[in-house]
Amino acid sequence: MSKLLVSTTVNGDPQQFLCDPDTTLLDALREEMGLTGSKEGCGSGDCGACTVVLDGEMVCSCLVLAPEAEGRQIATIEGVAEGSQLHPVQRKFLEHGALQCGFCTPGFIMASKALLDRNPNPSESEVRYWLAGNLCRCTGYDKIVRAVMDAAAELRQDRRTAA
Ligand code: FES
Ligand code: FES
């Protein structure tokens with residue numbers, strides 16, 4: 001099978017890689033670009049562990065073909081922190097103990113940040129609904145929901161302080 005050259009942007013940085021036409025974006029991120037934060041749980045769009053943001057839309061990267069990333073903007077878990085400064089969602093996950101094995105955590109962080117970028121004041125029901133596509137086998141979800149609600153409150157406070 002002849003390889004395709006894909007030029008894309010990941011977390012603001014230009015990236016080029018060669019891949020087979022049927023390579024998934026998840027495999028390209030992990031194996032061609034060395035970005036192993038996105039995880040493969042199910043490989044079939046059911047668990048959300050592979051969640052990334054593609055041109056502003058949350059997607060399961062296991063369901064996207066790598067050549068579809070041509071010319072597009074990808075945001076992954078590796079781009080969420082600013083240097084050593086964790087994003088409030090990441091910090092609140094740690095403070096609330098919202099992870100155990102951590103396998104699902106990158107997907108939850110990406111989905112939670114995408115929610116708060118759109119809706120800075122979600123209700124608990126909205127958080128639970130939004131995160132319904134992300135599965136966790138360990139935490140029971142309450143700590144995750146509390147972490148997201150707390151991160152939302154902190155982000156709103158930061159915006160008020162900056163205004
Ligand atoms: S690995 Fe992509 S949704 Fe589960
Ligand atoms: S913390 Fe283990 S799967 Fe979520």
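Predicted model: local features only at pLDDT ≥ 70, side-chain atom pairs only at ≥ 80, totals over all residues.
**A guided tour of salt bridges and a helix pair**

At 23% relative accessibility, K113 counts as partly exposed, because that category lies between the limits of 20% and 50%.

**Stop 1: along helix 3**

The side chains of K113 and D117 meet in a salt bridge, with a distance of 3.0 Å from N to O. Both residues belong to helix 3, and because they are 4 residues apart there, about one helical turn separates them. Is D117 buried or exposed? At 51% relative accessibility, D117 counts as exposed.

**Stop 2: from helix 3 to strand 4**

Next, select R118 together with E57. These two residues form a salt bridge whose closest N and O atoms are 3.8 Å apart. R118 lies in helix 3 (residues 105-118) and E57 in strand 4 (residues 57-60), so the pair ties together parts that are 61 residues apart in sequence. R118 has a relative accessibility of 46% and counts as partly exposed. E57 is also partly exposed, its relative accessible area being 48%.

**Stop 3: towards the start of the chain**

Now select D20 and K3. Their side chains meet in a salt bridge of 3.6 Å, N to O. The pair links distant parts of the chain: K3 is in the segment before strand 1 (4-10), whereas D20 is in the loop between strand 2 (13-19) and helix 1 (25-32), 17 residues apart. D20 counts as partly exposed, with 23% relative accessibility. How many salt bridges does the structure hold? The total is 11.

**Stop 4: helix 2 against helix 5**

Two packed helices are described by the angle between their axes and the distance between the axes. Select residues 88-95, which are helix 2, and residues 142-162, which are helix 5. These helices pack at an angle of about 135°, and their axes are 8 Å apart. Helix 2 and helix 5 are therefore oblique to each other. Helix 2 passes helix 5 in a right-handed crossing.

To view the contact itself, show the side chains of P88, V89, R91, K92 and F93 on helix 2. On helix 5, show I144, A147, V148, D150, A151, E154 and L155. Sorted by class, this contact of helix 2 with helix 5 has 8 nonpolar and 4 charged residues, and no polar ones.

**Stop 5**

Methods: Residues numbered from 1 in each chain as written. Chains lettered and ligands numbered in written order. Heavy atoms only, no water. Axes fitted to C-alpha atoms, helices over the stretch in contact; angles between N-to-C directions. Helix = DSSP H or I, 4+ residues; strand = E, 2+ residues; numbered from the N terminus. Parallel < 35°, antiparallel > 145°, perpendicular 65-115°, else oblique. Left-handed = near helix turned anticlockwise from the far one by under 90°. Contact = heavy atoms within 4.5 Å. Nonpolar A, V, L, I, M, F, W, Y, C, P; charged D, E, K, R; others polar. Salt bridge = Lys/Arg side-chain N within 4 Å of Asp/Glu carboxyl O. Buried < 20%, exposed > 50% of the residue type's maximum accessible area, 1.4 Å probe, protein only.
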